[in-house]
Amino acid sequence: SETSDQLAAFFQSGIYRFSNCAVSVVFMDPVRVLNRSYSRFRVSPSTYYSRFFSSNLAADFAHRETELSSSSKKRKRKEKKPPLLNEREQAADQRHQLARPLLLKAHECLIGASELLGILRSLSCDSSSMAERRKPTVVETEPSFVELGKVWQAPLYEIALKFPRSCRSNENEGDIVDQCCDPGLVPVFNNLVVNETGDEVEAEFLSRKYVIPLESCFYMSDLGKIQNLIPEVYNADAKNVQVLVYIPMVSRNRCNPFCWFVAADSGSGFNLILIDPPWENASAHQKLMYPTLPNRYFLSLPIKKLVHSDGALVGLWVTNWERLRNFVLEELFPSWGVTYAASLFWLKVKADGSLTSDLDLFHHRPYECLLLAYCNTKSGMGGTMEDQVVISIPGDYSRKPPVGELLQKYVPGVGPPRCIELFAREMMAGWASWGNEPLHFQDSHYFLLN
Ligand code: SAM
């Protein structure tokens with residue numbers, strides 16, 4: 001049947017496309033999407049969904065009913081005045097009212113897909129009996145890359161990459177074999193570390209193991225060093241960036257994100273730039289999780305210089321804070337030279353399909369927004385994109401669903417798109433990741449062995 005085909009496609013891809021849904025909406029299982037970057041490992045569902053929202057719909061409704069009846073009793077006692085919103089709050093509310101019909105429609109589509117709803121609870125299970133959790137490494141606590149990157153010894157910290165054994169047997173390749181089998185230790189900070197192989201590579205740092213997806217690279221540094229990612233900067237001064245380039249045995253059939261380094265003439269820069277800045281906000285919890293930066297720091301992001309000559313689609317995660325919205329649309333986008341095109345809403349649900357909070361709760365909306373904008377695209381691009389919704393069960397604090405693939409059809413350029421994530425905490429096959437902790441979710445404890 002059509003529904004089972006949809007579910008089968010979902011199990012394969014991690015993306016469920018609703019039929020008969022009037023709006024552009026998908027449900028995503030980030031674990032399955034991420035797993036397409038790996039073959040020997042897979043992302044552990046129970047670790048990804050570390051705070052699986054498992055309350056049930058019935059209890060939720062019962063709770064809402066009692067809340068409603070008690071508030072109506074209170075209302076009878078004392079007639080409630082409508083809340084007074086200041087000007088900015090009114091603007092925020094207006095924006096919410098505009099998005100509301102789309103979000104409600106999207107949620108209706110999910111609630112109508114009973115086959116999908118039936119398996120949501122199982123998404124966090126590490127199911128397969130073959131799955132072996134990675135053995136705990138010697139050091140139990142995860143190192144804080146953010147802290148290590150700041151100390152004076154930072155340039156001395158090195159990471160060891162272990163390339164797959166198979167390349168060792170190829171003895172006719174001379175130096176290339178050496179390079180591939182014994183990459184040695186490479187600096188982990190302020191260095192472009194590249195896995196150009198068609199297989200994931202294990203890496204070791206401070207007695208912990210990390211899984212580096214195929215054809216991916218990371219540059220772990222503070223914002224102050226982001227200039228080194230600009231193609232012309234390190235092409236002009238290769239000493240600036242020490243690069244470990246593994247020369248693969250397999251022919252290169254994809255244009256990897258870092259091939260601008262290897263072959264400067266193959267076109268440079270990125271066609272898809274996803275950015276999730278450490279915006280300041282009032283959450284004390286957030287302050288414990290990662291450092292934040294004042295808005296004006298993001299004006300210095302060299303977006304124009306990172307953009308490919310064919311142009312780029314830029315996706316910026318923003319909070320629902322009106323002041324931030326205004327800053328982005330009035331100051332940040334103009335300074336980056338990008339033009340707003342559409343919004344992608346991330347609607348957050350619990351394991352029973354209900355929203356993680358009331359849709360109309362003013363200070364705690366169950367959705368976040370990715371603003372999509374174009375930079376330097378040839379005319380014709382940009383006008384065709386509509387607002388869309390991706391629904392998923394949230395993972396760790398502030399971890400965003402991997403939406404890159406959903407955006408591919410809007411990405412300008414002729415070749416395979418070159419993609420980069422700024423302020424990344426994880427890596428994906430075919431992507432470059434930059435931030436002060438892009439290895440965070442690559443720690444092997446987030447993975448199972450296949
Ligand atoms: N998109 C990520 C995810 O899904 O897991 C979350 C990114 S989080 C909102 C922002 C990231 O920016 C954090 O990893 C934080 O450590 C990093 N960051 C904060 N200050 C930074 C700086 N000065 N330079 C580089 N990265 C920084």
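Here are some questions and answers on how a few labels in this predicted model come about.

Q: How far apart are the C-alpha atoms of Gly395 and Leu407?
A: They are separated by 21 Å, with the two residues twelve apart along the chain.

Q: What makes Cys21 and Cys109 a disulfide?
A: Their sulfurs are 1.9 Å apart, and the cut-off is within 2.5 Å, so the pair counts. By this rule the count comes to one disulfide.

Q: What does the link of Cys21 and Cys109 tie together?
A: Cys21 is in the loop between β1 (15-17) and β2 (25-28), while Cys109 belongs to helix α5 (residues 87-112), so the pair connects parts 88 residues apart in sequence. Both cysteines are buried. As for handedness, the link is right-handed, with 85° about the S-S bond.

Q: How do you know that Cys375 is too far from Cys419 for a bond?
A: The closest cysteine sulfur to that of Cys375 is the one in Cys419, at 15 Å, whereas a disulfide needs the sulfurs within 2.5 Å. So Cys375 is too far away for a bond.

Q: Are Cys375 and Cys125 buried or partly exposed?
A: Cys375 has a relative accessible area of 1%, so it's buried. Cys125 comes in at 40% and is therefore partly exposed, as that label covers values between 20% and 50%.

Q: Why is strand β9 (residues 208-212) described as largely enclosed?
A: Because four of its five residues are buried, the rest of the structure largely encloses β9.

Q: What makes β9 an edge strand?
A: First, the sheet: four strands in the order β6-β5-β8-β9, open, with antiparallel pairing. β9 pairs on one side only, and so does the other edge strand, β6 (185-187). Neighbouring strands here are turned by 35° against each other on average, ignoring direction.

Q: How do you know that β8 (residues 201-205) pairs with β9?
A: Five bridges join the two strands, and pairing takes at least two, so they qualify. They run antiparallel, and Glu204 stands opposite Lys209 in β9. Together they form a hairpin with two residues between them, and Leu206 in the turn has a positive phi of about 45°.

Q: What about β5 (residues 158-162) and β8: how many bridges do they share?
A: Three, in the antiparallel sense. Leu161 stands opposite Ala203 in β8.

Conventions: Residues numbered from 1 in each chain as written. Predicted model: local features only at pLDDT ≥ 70, side-chain atom pairs only at ≥ 80, totals over all residues. Heavy atoms only, no water. Buried < 20%, exposed > 50% of the residue type's maximum accessible area, 1.4 Å probe, protein only. Axes fitted to C-alpha atoms, helices over the stretch in contact; angles between N-to-C directions.
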